[in-house]
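Welcome! Take a moment to look over the sequence and the 3D view, and then we will walk through a few parts together.

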Amino acid sequence: MESRTWQKLMSLESRDVVSRWYSRLHQRDLNARRAKEITAAAKQAREFFRSASESAYAVRPLLTFYGVASLSRALTLLCRREGGEEGLTRGYGLETVQWPDTLSGELAHAIANIGNLKVRTTRGLFQDLVTETNNRLPIHATSQAVDWGLDYDPVPTGQEVSLSELLDRLPDVVDQHQHLQRSVLYARVGEIKFNHAAGLSLRTSSQKLGPFKSEFIEAGFSIAESGQSAILTCDAALFDNYRPQFLHSYVHKAFGSIPQLYLVSQLAPNIRYSQIALTYVIGFLLGMLARYFPTHWTALMSGEKGDTLWPSINAAHHYVETVFPELVLELIEDSLARAERTTQ
């Protein structure tokens, strides 16, 4: 467990601190029951993450996801203006899609097919988390601090996504994923500028942008290529109507402290995932794989034939375990800062 992040998140276990945070966010007092619900979920999350860090990989992703779910619950209850636990929708908000069929047949073939496992968004904790956080993506453009942010539209129910589609878009698994010879569907942002008068200007690698450049051309962006760079521009109206999918690299930070910003291919037309939403989905997928298909999970991590995806999956789990608590803390701090600016 990352001690600095978790030391800061200890504040989420304090009734007095949580009450002050809630008051700053919503300009109203937090009742005692709601405060206990938030702090209890935060305490439970810390214990799940601690247990995961001390457990063997046979069960580690499952314990990690339980920690993700508990921390999501605490954050959702803090961000929600009205209603406590009784108002949250039951369930995790995701469901598996025909996993027994995907993993059928001879074991080596089955574990080689793990990248095709899909999940579908439903009503539940995932939807509540996305709604109460406004599907917000804090943006780190030049510094360790949040420079600005984007509120994406809520992710609707019924959206399906596979594990490989997620890994293809996750910058923090690039070192392990590149040996698969799949298209890398993200490009690091070298410079980004936006204001309502001039619109958006973004510089990235023309080579890395290549596999998904057509998305932006079709949307109406202008792309000027010079050498190895590509400059994407659009006016403010287009940017408001078509907000690109961005993600950060948090495990591999610039200068050891600045999350690196990436432009990412969309997972579905007009559907965007905040970083915390996408991380939740990955955590769920890996946790349910370890929980309900232990034979396949054990074979995958034990060097059985067909385990090509294991390095990427191992890196993705490390990403979830390391980064999700940081994302929760970042959203709380960003929300408090924006609330303070609003009241000044």
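Predicted model: local features only at pLDDT ≥ 70, side-chain atom pairs only at ≥ 80, totals over all residues.

## A glycine after a helix

Which residue just after H14 takes a positive phi? That residue is Gly303, with a phi of about 80°. Helices here are DSSP runs of H or I with at least four residues, strands are runs of E with at least two, and both are numbered from the N terminus.

Residues are numbered from 1 along each chain as its sequence is written, and side-chain values use heavy atoms, leaving out hydrogens and water.

## One face of helix H14

Helix H14 covers residues 294-301, and its residues His296, Trp297, Ala299 and Leu300 are buried. Buried means under 20% relative accessible area, exposed means over 50%, and partly exposed lies in between (1.4 Å probe, protein chains only). Looking down the axis of H14, you would find the buried residues within an arc of 165°, so they line one face of the helix. The arc is that of the directions from the helix axis to the C-beta atoms. In general, an α-helix has 3.6 residues a turn, so residues three or four places apart point the same way.

What do the buried residues of H14 pack against? Their partners are helix H4 (60-79), helix H6 (107-112), helix H13 (275-292) and helix H15 (310-343), where contact means heavy atoms within 4.5 Å.

Now turn to strand E9, residues 229-234, where the side chains alternate.

Two strands pair if DSSP finds at least two bridges between them. Strand E7 (residues 199-205) pairs with E9 in the antiparallel sense over six bridges, and Ser201 has Thr233 of E9 as its bridge partner. Strand E8 (residues 222-226) also pairs with E9 in the antiparallel sense, over five bridges, with Leu232 of E9 as the bridge partner of Ile223. The hairpin of E8 and E9 has two residues between the strands, and Gly227 there takes a positive phi near 65°.

## An exposed loop residue

Finally, find Gln98 in the loop between strand E1 (92-97) and helix H5 (99-102). Is Gln98 buried or exposed? With a relative accessible area of 57%, Gln98 is exposed.
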